[in-house]
Structure formats: C-alpha cells, structure tokens
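Student: Can we go through this one together? I'd like to start with the packing between chains.

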Amino acid sequence: MNITVVNLIYLAAAVLFILGIKGLGKPKTAVRGNLMSAAGMFIAVVVTLFDRSIVSYEYIIAGVVIGSLVGAIIAIKVQMTSMPQMVAILNGFGGGSSLAIALAEYYAKTHIPAGAAAELMAAPFGDGIMGLIAVLAISLTILIGAVTLTGSFVAFAKLQELMKKDYGLPGGPVGNGLLLLVALVAVGALCVEPTNATLITVIVIAALLLGLFLVLPIGGADMPVVIALLNSYSGIAGAFAGFILGNTVLIVAGSLVGTSGLILTKIMCVAMNRSLANVLFGKMAGGGVTVSADEVYGGKVKSAQADEVAMMLETAKRVVIVPGFGMAMAQAQHAVRELMDVLEARGTEVEFAIHPVAGRMPGHMNVLLAEAEVPYEKLIEMERINPTFEETDIAIVIGANDVTNPMAREDKGSPIYGMPILNVDKAKTVIVVKRSLSPGFAGLPNPLFAMDHTYMVYGDGKKAIIEMTTALGSA
Amino acid sequence: MDMNTLVMLLALFVLSLFLGVELITKVPPTLHTPLMSGTNAISGITLVGALLAAGSDSSSTAVNNILGFVAVVLATLNVVGGYLVTNRMLAMFKRK
C-alpha cells in the first residue's frame with residue numbers, strides 16, 4: 001500500500017485514540033470512547049498488514065492467534081478484585097513487546113545479508129548524527145522495555161500474593177543506582193561502537209535486574225504508585241520504539257499513555273504526601289516520634305456486635321461508608337451494596353468516601369463498587385466528602401486504616417503527618433469493621449480506633465456487613 | 001530517516017505529551033482504573049511495530065522472526081486483554 005495512505009490511516013488511528021481517551025472523561029461516554037480507541041487500533045493493525053515490507057505471515061498469524069486467545073480468556077475470567085494484578089501484567093506485556101521489537105531491529109541492522117549496498121554495510125544504522133540517534137532509540141527502548149517487563153512481573157507476583165516478603169538489593173537505592181549507571185554507560189558505549197552486541201547484552205541484563213530490584217522492596221499501599229509508573233514506562237517504551245521505526249502512530253499513542261501514567265503517579269504521590277523518590281526508595285515510617293500501640297489503644301477501645309450496630313443504624317439519617325483494601329480482600333463489595341439498599345429503603349442517605357490511594361491501584365474501590373452496582377454518583381472524592389462528615393451520623397470504615405488516621409492531620413511528629421486523610425473522626429459515630437487492631441501499611445497505631453465515639457466490629461468484613469444488614473432488615 | 005523527519009517526529013512527540021496532560025487531567029478519579037487498562041490497551045499499538053518485525057523481508061533470519069513473534073504475542077495480549085477488560089469494567093459503570 002502507498003506509504004502516504006498508510007500514514008494517513010495512522011493519523012486517523014491517532015485521532016481515534018485521542019477521542020477515545022476524551023470519552024473516558026465521563027462514565028456515560030466511556031464505553032463508546034473505549035470502542036473508538038479499539039477501532040483505531042484495528043485500522044492501524046490492518047493497514048500495517050498491507051505494508052509492502054511484510055512478506056511472511058506465518059509468525060504474524062500464529063502470534064496474533066495465541067495472543068488474542070490468551071488475552072481474551074484472562075480478560076473475561078479475571079475478577080474485579082484482581083484488577084491491579086491484571087493491569088500490572090498487561091504493563092509487563094507492553095514493555096516486553098517493545099523490548100522484543102528493539103532487539104529484532106538491532107539484530108536486523110547488524111545481520112545485513114551479504115550483497116547489500118556498500119554504504120548500508122559500512123553504517124548499518126545510518127550516517128553521522130542520524131546513526132547515533134537510531135542507536136540511542138534502540139538502546140533506550142531496550143532499557144525501558146526491560147525494566148517495565150521485570151518490574152511489572154514482580155508487581156504482579158506481589159499483588160497476586162505469590163511473593164509476600166519485600167526483598168531489597170544490598171545498598172538499596174545505591175545498588176539500583178549502580179545498575180542504572182551500568183546500563184547507561186553501556187548505552188553510551190554502544191553509541192560509539194554500535195555493532196558490539198556484548199553491549200546490548202549488558203543493557204538487557206542490567207535493565208532486567210533493575211526492574212526486578214526496583215519493585216522488589218516495594219509493597220502494599222505503595223503499589224498504586226508502582227503500577228501507575230510502570231503504566232507510564234510501557235507507554236514511553238512504545239513511543240521510543242516509534243522513533244526506531246519512524247512510526248507516527250506509535251509516537252502519539254506511546255506519549256499519551258506515558259503522560260497518563262505519569263499524571264496518575266503524581267496524583268497518587270500527592271494523595272500520600274510523599275515524593276516519588278520517597279515511594280521508590282524510602283521507607284514509609286522515616287523518623288518522627290512513633291507512638292506505641294499500647295499508648296494509643298490502652299483500655300480505650302470499645303467493640304460492638306453487628307446487631308448493636310444495626311440498632312445505631314436504625315435512627316441514622318446519613319451514613320458514609322469508607323472502603324479500603326480490606327473490602328477487596330474480603331470480597332465484601334456486594335454485601336456493602338446490600339447494606340446500602342436496606343439503609344436507603346429506610347430513608348437513610350448513604351454515600352461512599354473514596355480516598356485516592358484506597359486499594360491497590362488508582363480507582364480500585366470505584367471499580368469494585370461499580371461491579372456491585374453502586375451508582376457512581378454515590379462514590380464521593382475526598383475533597384468533596386470531607387466537609388460532610390460533621391453532618392454524618394454514622395461512618396462505617398471497612399478495611400481502611402491509614403487513610404483515616406487523624407495523626408496525619410494533627411500530630412506533627414508523625415511519619416504520615418501532612419498526608420490528606422478522610423475526616424472520618426468528625427462523624428457523630430464511627431464503626432470500624434476490621435479483623436484486629438493490627439496496624440495498616442504505615443505500621444502506625446490509629447487513634448481513631450480509640451476515640452469515644454468509635455466502635456470496633458472485629459471479624460471478616462463480608463460476614464460482619466451481612467450480619468448488620470440482616471439485623472437491620474428484621475428491625 | 002533524515003534530519004527533517006526526525007524533527008517532525010520529535011514535534012509530534014512533544015505536542016502529544018502536552019495533549020496527553022490536557023486529556024488525562026479531565027478524567028475523574030472514578031474512572032482511573034479503566035483509564036489505566038484502556039491506555040494500557042492503547043500502548044499495545046507496539047503491535048504495529050511487532051508486525052513489521054515479524055514479517056518484514058529484511059528480517060528473514062530465524063532470530064528476527066522469533067523475536068518478532070514474541071513481540072506480536074505480547075502486544076496482542078496487551079491489545080485484546082486491555083480492551084476487553086476495560087469494556088467489562090466500563091459496562092459496569094454505565095448500567096443503572
């Protein structure tokens with residue numbers, strides 16, 4: 001097909017991607033947006049298949065069939081609670097694909113068949129500065145693609161709980177810095193000596209290890225940042241691959257995804273009041289005066305049974321439910337929806353308070369509650385719900401901890417001081433559904449649990465909520 | 001590729017970054033998970049590059065075809081898995 005036609009169709013595909021992301025701006029237009037973006041993908045792929053330089057289709061057909069089958073099966077089977085793992089592994093596939101493309105391109109350039117034009121043999125990557133840029137694009141794609149590949153697989157293993165401990169490289173950030181330095185020196189050397197395949201091997205190995213050790217020490221509540229960042233990397237790797245191939249649609253799509261991931265990363269960091277460097281290399285509880293759990297809780301924590309809570313709920317006019325990762329763990333989203341239904345049937349106003357970093361990825365709680373058919377208008381962001389806690393009769397916290405810790409607001413010595421929190425403690429009565437008084441990810445006791453107007457309901461979140469609903473329904 | 005083409009591509013890259021910022025900041029937090037999986041599917045556009053690597057005539061060696069094949073499998077997984085799972089999630093937001 002004529003190259004001009006190909007490029008015009010790539011332009012159309014890029015426009016469809018842009019309109020698709022624009023559609024994601026509202027729940028009502030989001031499905032259509034996603035379909036437009038998929039249509040863009042389809043035409044870009046079809047027009048590429050007609051590219052004159054494609055001569056054999058065996059590998060293409062085999063690859064597309066395998067990828068489509070496996071992709072469709074996991075996309076249909078995956079549970080909504082496992083969405084963070086799903087996104088993590090998809091990021092890894094994207095990074096791996098860019099890595100493989102860059103390696104293939106490098107191999108093709110360094111194994112030019114005998115009999116090719118003499119100038120191509122002499123400077124396979126092109127002359128002067130253009131050759132330099134071609135080598136740079138290939139090596140940077142390899143670097144970012146490889147980091148994304150192993151980093152995402154570690155993130156997947158952690159979220160899937162295949163790997164429970166946090167391991168670190170000796171020297172922590174220094175070790176990672178050395179690996180990055182080795183990779184960058186190899187990139188530099190490759191620019192001088194483009195045909196030295198050993199250097200490519202060094203880049204690949206250093207980058208694979210870097211991805212591994214970058215994510216290994218990170219766990220739990222820091223995962224949203226890691227996933228968003230890897231999402232960004234997979235986009236950037238794609239954009240760089242676009243520079244290798246001189247392909248416009250790869251550059252546009254890759255940079256859109258790259259910025260998307262970066263913006264989400266920033267939102268997550270702001271919501272934790274931490275810098276990106278601190279999330280990646282630091283420890284949550286860095287310095288500050290730590291209070292012991294006994295000091296905070298000693299004799300002050302009250303517990304309640306589900307039927308007692310139901311009695312309190314009977315007279316409540318406004319109830320705010322505060323979900324956290326524990327709700328996902330307990331698969332309690334449907335039980336929570338039923339509690340909402342019973343409350344609303346009694347004339348009680350119910351809303352949900354969503355902290356930006358609740359769960360293990362941006363928007364995790366929203367997806368779970370949408371699955372349970374909670375209307376999205378009831379899912380209220382932190383800034384909008386916080387002023388309403390004072391007029392809230394009962395706040396029910398289910399599986400959330402650090403994001404409700406009043407020390408973040410009041411205790412200047414606390415390691416989490418300054419982190420924006422949900423002002424759950426301002427509600428007239430607080431119910432906390434939790435297995436035990438064990439600390440959250442930050443490892444800190446939560447004074448909310450010991451407040452006069454707080455009642456702990458110990459046990460499995462789903463069971464506790466169902467018991468409340470049953471007791472309330474029969475009241 | 002010559003210098004002019006490169007500068008054009010660079011312009012495209014930089015302008016797309018700015019466009020990305022404008023577009024993404026308008027997406028509400030409720031849709032952040034589908035946004036991630038949806039943009040993830042878009043990053044599967046590397047499939048276009050993978051197809052060229054897997055089937056191009058300059059890459060007639062086995063090593064190239066195998067690398068191209070791996071790239072096609074991974075990118076297709078990204079595209080098909082990403083769009084389907086995003087569609088599944090968004091359908092839940094739409095219904096009433």
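Student: What is the handedness of the crossing of H4(A) and H4(B), left or right?
Tutor: The crossing of H4(A) and H4(B) is left-handed. A crossing gets that label if the near helix is turned anticlockwise from the far one by less than a right angle, and is right-handed if clockwise. Helices here are DSSP runs of H or I with at least four residues, strands are E runs of at least two, and both are numbered from the N terminus. This is a predicted model, in which local features need pLDDT of at least 70, side-chain atom pairs count only at pLDDT 80 or more, and totals for chains, interfaces and linings use all residues. Residues are numbered from 1 along each chain as its sequence is written, while chains are lettered from A and ligands numbered from 1 in the order in which they are written.

Student: At what angle do H4(A) and H4(B) pack, and how far apart are their axes?
Tutor: H4(A), residues 83-110, packs on H4(B) at an angle of about 155°, and the axes are 8 Å apart. Axes are lines fitted to C-alpha atoms, for helices over the stretch in contact, and angles run from 0 to 180 degrees between N-to-C directions. At that angle H4(A) is therefore roughly antiparallel to H4(B). Angles over 145 degrees count as roughly antiparallel, under 35 as roughly parallel, 65 to 115 as roughly perpendicular and the rest as oblique.

Student: How do the residues of that contact divide by class?
Tutor: The contact of H4(A) with H4(B) has 17 nonpolar and 8 polar residues, with no charged ones. Nonpolar covers Ala, Val, Leu, Ile, Met, Phe, Trp, Tyr, Cys and Pro; charged covers Asp, Glu, Lys and Arg; the others, Gly among them, are polar.

Student: And the whole interface: how many residues of chain B are in contact with chain A?
Tutor: 81 residues of chain B are in contact with 96 residues of chain A, where contact means that C-beta atoms, placed from the backbone, lie within 7 Å. On the chain B side, two or more residues each come from H1 (3-24), H2 (32-43), H3 (46-55) and H4 (62-94). H4(B) gives the largest share, 31 residues. By class, that side has 46 nonpolar, 29 polar and 6 charged residues.

Student: What does chain B have in the way of helices and strands?
Tutor: Chain B has 4 helices and 0 strands. The C-alpha atoms of chain B fill a box of roughly 55 × 30 × 15 Å along the principal axes.

Student: How many helices and strands are there in chain A?
Tutor: Chain A has 19 helices and 6 strands, and its C-alpha trace spans about 85 × 50 × 35 Å along the principal axes.

Student: Back to helix pairs. How do H7(A) and H8(A) pack?
Tutor: H7(A) (173-192) and H8(A) (197-215) pack at about 155°, with axes 9 Å apart. That angle is why H7(A) counts as roughly antiparallel to H8(A). The crossing is left-handed here too. Among the contact residues are Leu179(A) and Ala183(A) of H7(A), and Ile203(A) and Leu210(A) of H8(A). By class the contact of H7(A) with H8(A) has 18 nonpolar, 2 polar and no charged residues.

Student: Is Ile18(A) buried or exposed?
Tutor: Ile18(A) is buried because it has 22 other C-beta atoms within 10 Å. Buried means 20 or more such atoms, exposed 12 or fewer, and partly exposed in between, with C-beta atoms placed from the backbone. Ile18(A) lies in H1(A), residues 3-23, and touches Leu19(B) and Leu23(B), leaving out residues up to four places away in sequence.

Student: What is the phi of Glu161(A) near?
Tutor: Glu161(A) has a phi near 60°, positive in a residue other than glycine. Most residues other than glycine have a negative phi. Glu161(A) sits in the loop between H6(A) (128-159) and H7(A), and is exposed because 9 other C-beta atoms lie within 10 Å.

Student: And what about the phi of Asn273(A)?
Tutor: Asn273(A) has a positive phi of about 55°, in the loop between H10(A) (248-272) and H11(A) (276-281). Asn273(A) is partly exposed, with 14 other C-beta atoms within 10 Å.

Methods
Two residues are in contact if their C-beta atoms, placed from the backbone, lie within 7 Å.
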